[in-house]
Amino acid sequence: MFNSKVLSLDIGSKNTKIVLGTQRRKNIIIEKALTMITPVGCYNDGNILDVIKLKDEILDVLQAENIKCKNIIITTKSTTVITRDIDIPVAKKEDMDSIIKFQMERYLPIKFDDYIMQYKILEEFEDENIKQAKFAVVVYPKIMVDGYYKLVKELNGNAVALDISSNSINKLFIDNIQVNDENFSSDDTVAVIDLGHDFTNVNIISEGNVLFTRIINYGGSYIDVDIAKQLSISEEEAEEQKFKNCNLEREALSDMQSSMVNDIAKAQVRNWIREIEKLLNYYKNKKQGNKIDKIYIYGGSSNLKGIEMFMKDIVNLPVTQIHSLSNVNCSKINAANVESARIDEELSKYLNAIGAIIRLR
């Protein structure tokens with residue numbers, strides 16, 4: 001799939017992001033980046049509930065944008081996808097599946113016949129003169145995988161890959177890139193946090209690997225619900241109020257309604273940050289020498305005014321929203337002068353879909 005166009009779908013509970021792009025060596029060339037509303041009742045926590053309805057909506061968008069691409073990648077996140085790191089003695093390649101499965105079964109109270117397992121080596125080391133390896137293991141529910149496979153087939157596409165958002169974002173953070181025009185080194189340990197609609201996904205990345213990933217059941221929708229209740233308006237109107245009137249750096253705003261919206265947002269974001277801080281502390285205490293140098297945020301809720309400084313003041317770490325990555329080329333979109341040309345301003349919304357395009361050799 002190198003140098004071939006692929007269609008990458010990042011399916012979420014509120015929105016589905018659609019990215020058409022190509023991998024050229026270590027860079028991603030983006031041709032189109034679009035957002036569509038995920039149809040109500042079609043998707044929940046990683047599971048596609050209505051394949052046909054979702055397929056029809058996606059096809060309408062593809063036809064309207066004149067997008068024709070058979071190669072499809074899907075990336076997602078779900079609380080039902082299990083990710084774990086395990087240390088085991090190195091064995092023959094043909095024996096690793098059964099050894100890793102055995103180790104995972106010891107710790108997870110699940111029926112493995114209902115799951116699909118994937119893994120990769122993070123590092124090799126010696127312990128008491130025994131060669132061992134640390135593996136990152138991902139366990140998917142089969143019913144979830146089947147749903148995505150059916151969707152690709154309904155779209156008359158070729159299933160290239162199924163990815164998870166923690167792996168997608170990890171592939172973008174390679175050495176010697178620039179984030180927001182500042183140099184990034186993979187020697188740094190960074191927390192890359194997806195502030196989504198229903199979930200917050202915390203990923204700790206160092207030396208090209210995700211060392212730790214967890215999903216928190218907090219997201220932008222929690223703010224919308226609270227605002228809607230307080231102001232007796234719809235959640236759609238509440239979301240508009242949130243982005244229009246919130247400024248987390250300010251104590252008081254010009255009118256009572258704006259101040260109320262701002263206070264609601266601050267209370268919810270504090271809840272997110274407390275949970276994020278617990279995970280960061282857990283990671284740092286897990287092993288001597290563990291550290292976090294910086295936090296990068298992305299996703300829809302990272303667009304809340306003042307959120308960078310608000311988080312920084314609580315966690316006492318530099319916090320930066322991702323606006324640009326030097327290995328993501330958007331010049332084709334900008335040259336086309338189409339509606340999706342604001343990708344440079346909205347890049348953080350599409351990072352999971354963009355990272356999923358990367359196929360490692």
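Here are some friendly questions and answers about this predicted model.

Me: How are helices H5 and H6 oriented to each other, given their packing angle of about 105°?

Reply: Happy to start there! H5 covers residues 220-231 and H6 covers residues 235-245, and their axes are 8 Å apart. Angles of 65 to 115 degrees count as roughly perpendicular. The angle here is about 105°, so H5 and H6 are roughly perpendicular.

Me: Which residues of H6 make the contact with H5, and what classes does the contact hold?

Reply: From H5, the contact is made by Gly 220, Ile 223, Asp 224, Val 225, Ile 227 and Ala 228. By class, the contact has 5 nonpolar, 1 polar and 4 charged residues. On the H6 side, the residues are Glu 235, Ala 238, Glu 239 and Lys 242.

Me: Is Glu 275 buried or partly exposed?

Reply: Glu 275 is found in helix H7, residues 256-286. Buried means under 20% relative accessible area, and exposed means over 50%. Glu 275 has 26% relative accessibility, so this residue counts as partly exposed.

Me: Which residue's side chain does Glu 275 join in a polar contact of 3.3 Å?

Reply: Let's look at the surroundings first. Leaving aside neighbours within four places in sequence, Glu 275 is in contact with Ile 216 and Tyr 218. The polar contact of 3.3 Å joins the side chain of Glu 275 to that of Lys 278.

Me: Which element gives the most residues to the largest nonpolar core?

Reply: This core has 34 residues, of which Val 269, Leu 280, Ile 295 and Ile 307 touch the most other members. Strands S13, S14, S15 and S16, together with H5, H7 and H8, each supply at least two residues. With 10 residues, the element that gives the most is H7.

Me: What does Ile 307 touch, not counting residues up to four places away in sequence?

Reply: Ile 307 is one of the core residues that touch the most other members. Not counting residues up to four places away in sequence, Ile 307 touches Leu 195, Leu 248, Val 269, Trp 272, Ile 297, Ser 301 and Ser 302.

Me: Where is the backbone oxygen that lies 3.0 Å from a polar atom of the Ser 98 side chain?

Reply: Ser 98 has its place in helix H2, residues 93-107. Its relative accessible area is 46%, so Ser 98 is partly exposed. The backbone oxygen lying 3.0 Å from a polar atom of its side chain belongs to Asp 95.

Me: How far apart in space are Ser 98 and Val 179, C-alpha to C-alpha?

Reply: Along the sequence, Ser 98 and Val 179 are 81 residues apart. In space, C-alpha to C-alpha, the distance between Ser 98 and Val 179 is 40 Å.

Notes
Residues are numbered from 1 along each chain as its sequence is written. This is a predicted model: local features need pLDDT of at least 70, side-chain atom pairs count only at pLDDT 80 or more; totals for chains, interfaces and linings use all residues. Side-chain values use heavy atoms; hydrogens and water are left out. Axes are lines fitted to C-alpha atoms, for helices over the stretch in contact, and angles run from 0 to 180 degrees between N-to-C directions. Helices (H or I, at least four residues) and strands (E, at least two) are DSSP runs, numbered from the N terminus. Angles under 35 degrees count as roughly parallel, over 145 as roughly antiparallel, 65 to 115 as roughly perpendicular and the rest as oblique. Contact means heavy atoms within 4.5 Å. Ala, Val, Leu, Ile, Met, Phe, Trp, Tyr, Cys and Pro count as nonpolar, Asp, Glu, Lys and Arg as charged, and the others, Gly among them, as polar. Buried means under 20% relative accessible area, exposed over 50%, partly exposed in between (1.4 Å probe, protein chains only). A polar contact is a pair of N or O atoms within 3.5 Å; within protein, one must be able to donate a hydrogen and the other to accept it, and residues adjacent in sequence count only if both atoms are side-chain atoms. A nonpolar core is a set of buried Ala, Val, Leu, Ile, Met, Phe, Trp, Tyr and Cys residues joined through side-chain atoms within 4.5 Å.
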